[in-house]
Amino acid sequence: MICFCAERLNWRRIWQNPGVLLPPGLTNMATRALLYRRPYEPSRLLVKHGSQIYSIRLRRHRRARRYTLRIHPSDREAILTIPPRGTIAEAKDFAQRHGGWIAARLGRLPKAAPFLPGTVVPLRGVPYRIVHRAGERGTVWTETRDSGEKILCVAGAIEHIERRVHDFLKREARRELQKAAQDYADTLSVKVKRLSIRDQSSRWGSCTSAGSLSFSWRLILAPPMVLDYLAAHEVAHLVEMNHSPRFWRIVARICPSLERAKKWLDTCGNDLHRYGIED
């Protein structure tokens with residue numbers, strides 16, 4: 001389609017007042033989103049620090065007010081968020097100036113622990129060694145050896161071990177979290193409409209005003225009190241959708257392990273992101 005315009009467009013005026021070009025049914029936000037789009041933008045840029053070169057993932061966000069950097073714990077990479085009017089040149093300059101921070105944070109990440117034979121994985125805070133049982137039926141189950149060592153047995157072909165362990169842990173997390181969330185919902189006389197299990201990197205759980213809860217499957221790796229606390233935390237949001245003093249009083253009333261669980265997450269929570277990934 002070819003469009004003709006008799007006069008030069010004032011793009012600054014259009015951005016400030018997107019209603020001047022609003023087709024029926026489009027919101028101001030939708031129009032601004034169209035204006036923010038670039039015909040082509042790289043998804044990554046390279047930053048050199050010392051003798052190392054780091055690949056930085058770029059992410060443009062319409063609500064960002066400034067350039068920000070964060071480390072994704074499970075993808076093990078740096079992510080640079082660009083504000084709507086930011087440029088790739090400015091983003092590269094910002095990342096380069098923070099090359100030392102990127103190198104230090106990536107260097108501090110705990111060693112990866114892929115779901116492979118021999119890897120020790122915590123299940124409800126208890127260490128289990130992954131053992132391949134190729135000739136046996138089933139999928140994944142737990143056993144305790146005569147020595148007292150706990151093992152996570154995985155049947156089937158060796159190329160399916162990682163997926164089977166991951167699926168097993170997600171099922172266990174869903175079962176435990178559904179039970180805990182329902183118990184707390186009954187205590188507070190609220191209703192959980194939906195519960196989903198994901199691999200969230202920035203938060204352990206979330207709640208919507210519609211009654212939908214979401215949790216990280218990695219909580220099954222933590223001690224039971226931690227999973228229990230997160231279930232209580234998100235269900236309490238169905239009463240108070242904030243972090244006000246009243247909200248924390250509700251959580252403390254229904255979850256006695258509140259402070260211990262928060263301290264454990266602050267100290268050891270980041271370590272949970274190393275499981276099931278490779279360097």
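Select β9, β10 and β11: these three strands form an open sheet in the order β9-β11-β10, with mixed pairing. Strands here are DSSP runs of E, at least two residues long, and helices are runs of H or I, at least four long, numbered from the N terminus. Two strands pair if DSSP finds at least two bridges between them.

This is a predicted model, where local features need pLDDT of at least 70, side-chain atom pairs count only at pLDDT 80 or more, and totals for chains, interfaces and linings use all residues. Residues are numbered from 1 along each chain as its sequence is written, and side-chain values use heavy atoms, leaving out hydrogens and water.

Colour β9 (194-198) and β10, the edge strands, each of which pairs on one side only. Neighbouring strands of this sheet are turned by 15° against each other on average, direction ignored.

**Inside the sheet.** Now look at β10 and β11. They pair in the antiparallel sense over three bridges. Pick Cys207: its bridge partner in β11 is Leu213. Next show helix α6 (residues 224-236), which packs on the sheet and touches β10 and β11. Contact means heavy atoms within 4.5 Å. The direction of α6 makes about 155° with that of β11. Axes are lines fitted to C-alpha atoms, for helices over the stretch in contact, and angles run from 0 to 180 degrees between N-to-C directions.

**A loop stop.** Select Thr208, in the loop between β10 (205-207) and β11 (212-216). (Buried means under 20%, exposed over 50%, partly exposed in between, with a 1.4 Å probe and protein chains only.) Leaving aside residues up to four places away in sequence, Thr208 touches Leu238 and Met241. Thr208 and Leu238 are 30 residues apart in sequence, yet their C-alpha atoms are 7.9 Å apart.

**The other sheet.** Move to the open sheet with the strand order β5-β6-β8-β7, where four strands have mixed pairing. Its edge strands are β5 (120-123) and β7 (140-144). The twist averages 40° from one strand to the next. Helix α5 (residues 161-188) packs on this sheet, touching β5, β6 (126-133), β7 and β8.

Finally, show the side chains: Tyr184, Thr187 and Leu188 of α5 meet Ile250, Arg253 and Ile254 of α7.
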